[in-house]
Each structure stands twice: as C-alpha cells, then as structure tokens.
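Please read these comments with the model open beside them. They run from the whole chain to single residues.

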Amino acid sequence: MSELTKNGSENIATVTENNEKPLSFGSIFTYGTGNFASQLSWTMVSTYLILFYTNAAGIAAGAVALIMLIVRIWDAIFDPIFGGIMERTHTRWGRFRPYILFGSPFLVLFTILTFTAPDFSPTGKIIYAFITYLLLSMCYSVVNVPYVSLPGVMSRKSNEINRLYAAQLLGMTIGMIVLNLCTLPLVKYLGNGVEAAGYQKTAGLFALIALPIFYLVFKTSKEVVTVKKEHTVAPKDAMKLIVKNKPLMVTTVYTIVSMIGMFGRLGVAVFYYMFVVGRFELITLFMMMQVIVGTIVMPFAPAVIRKIGKKNTCLLSMVLQTLAMLMIFFGDPTNIPFLIISHVVYGLGYISGPCGSGMTVDSVDYGEWKYGGRPDGTAFAVQVLGQKIASAVGASLGIFIIGLFGFVAGQPITPEIAKGINISVNLVPAACFLLSIIPLFMYNLPESKVEEIRKELIARHEEKA
C-alpha cells in the first residue's frame, strides 16, 4: 500500500469515466466564453462603477467606499453559505450547472439596475445604489461560484484542468479588452450627451450578449466527477475541512492579496490616465494594453505551468507585476512610450492566470485524499468571496486614498491630488503583489504529488466498485 493510501481516508468522489478522453476544443472554448460573459457584468463594475457613482450618479466618494465595504461584509456571510448549498445540490444536470442556467438572467438584470441613476434625493441615491449593488453581488456569486468550480468536476487530469482555466482566463482578458475598448464610446454614443443614460443602455446591451453565452456554457460543460448524496459534507464540517487544508488556505490568501492589487488598480486606474497622464484619448489604449498582452501570453500558460509548476509561475508573475507598477510610479507620466513598455511588462504577469484556480482544485483533491471530504463548492465560494473582497477592498482603498489627498469630482487636480492618485493606482498595487509572494512560499503541493494523489483517488474508487 502506498504512503498516500496510508494517509488517506475513504474516497467519496466518483469519476463517471475512469479512462477519460481529452476534452474537445469546443467544450474548452465554450467554457472559456463563460468568463467573457461574466466580464460583461463584473469588469463593467470593477472598472467603471466608481466612476459612474461619482460622476454620473453624483454620489460622494466616501459613501461609495462605505457601500462597497458593507456589501463585502455581507458577501463574507452569503458566499460560503451558498457554496455549501451548491455542493449539496443533486440534479440530473449535476451540482453546479443549474445555477448558471437559472442565475444568469438575474445577473444581467441587476447589472442594468446597478448602472441606473434614478432621480432620487442624495440619500435615496445612496440607498438605491446599495440595494442594487448588493443584489448584483449576490447574483454574481450564484453564477460565478459554480462556473469557476466546473473545471474541478469536468476532469481529473491536471493538464485538462489547466486548459480549462487557461480558456477561462482568456475569456476574461478578451472580455476586459472588449469592455475597455467599447464602454466609454458606447456610453457617449448611446447616452447622446446624458452620461447616466449612456451607462444604463450600455449595461443593457452587454446583458443581451451575455445571456445566451451563459446558456451555452450550461449546455456543453458536463460534470464527470460527482459526489453521492450520502457522502456530501455536512455544512458544519465543510469550513473545518477548508480551514485545516493548508494548501487551500495559503492559495486563498495569495489570491486575495494579489487581487487587491489587481482589482484595486482596475477600479481607479482611469483616474490616473485622465488626471495624471492627462491624455483622455489614450485611456482606452492604456486600459487595454496589459490585457492585450495577457491575452497573447495566456495560451502559453499551460505549457509554462508544465515546465516550472503553478507556484513558480505565480512567483514569476508577481515579480513582473511589481516591477511594472514601480516603473510607472517612479516614471514620467508624460513619457508615453515608457508607459506602454511598463504596461507590456505588467501584461506579461497574466501568464499565471490559471494558477490560482488550478491550485484550488489541487488543494481540494488533497483535502479529499487526506481528510475524506470534498467541500469543493464551499472552497470555490471562498475563492470567489476572496476575489470580491479583493475587488471591494482594493477599489475602496483606492478611492479612499484619492479622497484623502483632496480629490473632489469636478474640482481642479492639484499636484497633491495627482500624487495621491499615483500612490493609489501604482504604489499600493505594487505593495500587494510583493506581499502576495509570502503565502506562495508556504504552498507545498507540487504537481508530482497532485498527480499521485489523483491516481490514488481513482484507485480507491475502483477498489470499491
């Protein structure tokens, strides 16, 4: 009996086809388009919601920061509960796919409502923004938690899982490109001079595109790793299994810290390009540059991961992105070629895109082998929660710092305010990327061990068959 078998517990997961065939290009491609659809909602929120709230809806920056903080506190309660509900769902479609089918119409609806600015009193606007953003965040969890969980149940093969997550991240980067390329021109065109109306109509257009894509993901993404109802982890035990799973915990910390830098910058970057660089016509270029580079390098991610492993790929990424942020922070904002080069370096860091989710799947398999339970829904709910915490904390911190230096919408930009914007957009993300290296050094689940664990899990099932 192998050392793995000695340490492990009874396997609870079933692979419906032990001799798995490689996933088709079509199923991987369609799965990846799901993140494109998600970005039509979430990148719209991450990149433009603060600007919409402050400039179009006329909500004070401090109130915006408070709204995002409260919503994230609620997410900390809701997301793990929903993850537990999801992993205990048993339908003819599987555990995860039904939520994509039935949740996506509500996601696109509340995206539109969130980017609507009714003619209310200042207090009424704040209340409306809070309610719609809260419901949007919940709908995003209902769709995106099962979506990011799917690769772990679509295959037991590491390379197939890496390919799925690479497709997911490719869908994300293409979605970000489309959003950054089209959003402001569409807001201007569809609004016909009324900024608030432009945002609402643009959100509506994106919603019409996203809905059929989510349906195709539901239709084509098949779950082959299943958990029998009698082997489902009890809610009180799920979080215990997650907390004592060291690889999963350090992966979660790495994800949160690095994404505070990524999403925090994304939420306030437009302020830097508008008010520090001062070249409005180049905003789209700079918002797209790193994403274009990321889209180019993303197909190479599975090969890089096979060569140096997920952990080292993440370390490489964090070093590149820290370097890029420091280049921009200390560089001349009027030197456009230098800024372009810096954004290219930042985009190269996207090579680690599939790693965070892939490490989560590896950690879930490790936990199943070591402790006998597979709370994968709760694990990915925690990951999505981490992403949303990162998005809110980063954006809230960013707008708070800018406000601290005296920024007020419509008022002149002083050198002190420009300094605050530069700190918020570039120095704070650099610090986050640098700090995220610490949990990476604590991750001790190499690919060779993961492969052995997965073989052992399948062998256990075969022994019980």
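1. Basis. This is a predicted model, in which local features need pLDDT of at least 70 and side-chain atom pairs count only at pLDDT 80 or more, while totals for chains, interfaces and linings use all residues. Residues are numbered from 1 along each chain as its sequence is written, and side-chain values use heavy atoms, with hydrogens and water left out.

2. Overall fold. The chain holds 18 helices and two strands; these are DSSP runs (helices H or I, at least four residues; strands E, at least two), numbered from the N terminus. Along the principal axes, the C-alpha atoms fill a box of roughly 70 × 40 × 40 Å.

3. Of the 465 residues, 61% count as buried. Buried means under 20% relative accessible area, exposed over 50%, and partly exposed in between (1.4 Å probe, protein chains only). Among contacts (heavy atoms within 4.5 Å) with a separation of 6 or more, 85% come from residues 24 or more positions apart.

4. Charge. The chain has 36 positive and 26 negative charges, and their mean positions are 1 Å apart. Lys and Arg count as positive and Asp and Glu as negative, with His and the chain ends not counted. Each charge is placed at NZ of Lys, CZ of Arg, CG of Asp or CD of Glu.

5. Aromatic pairs. The whole structure contains 22 aromatic pairs. Rings of Phe, Tyr and Trp (its six-membered ring) pair if their centres lie within 6.5 Å; planes under 30 degrees apart count as stacked, over 60 as edge-to-face and the rest as tilted. Trp 93 and Phe 102 have ring centres 6.1 Å apart and planes at 50°, so this pair is tilted. Trp 93 is partly exposed at 25% relative accessibility, whereas Phe 102 is exposed at 52%.

6. A stacked pair. Tyr 273 and Phe 286 are stacked, at 5.3 Å centre to centre with 15° between the planes. Tyr 273 belongs to helix H10 (residues 246–277) and Phe 286 to helix H11 (residues 283–297), so the pair ties together parts 13 residues apart in sequence. Both residues are buried. Elsewhere, ring pairs join Phe 52, Tyr 53, Phe 115 and Tyr 199 into a cluster.

7. Asp 362. Apart from neighbours within four places in sequence, Asp 362 contacts Lys 310, Tyr 443, Leu 445, Val 450 and Arg 454.

8. Asn 192. This residue sits in the loop between helix H7 (158–191) and helix H8 (195–220). Phi of Asn 192 is near 50°, a positive value in a residue other than glycine. Asn 192 is exposed, at 69% relative accessibility.

9. Ala 324. Helix H12 (residues 301–330) contains Ala 324, which is buried at 0% relative accessibility. Not counting residues up to four places away in sequence, Ala 324 touches Ser 342, Val 345 and Tyr 346. The C-alpha atoms of Ala 324 and Asn 426 are separated by 8.8 Å, although these residues are 102 apart along the chain.
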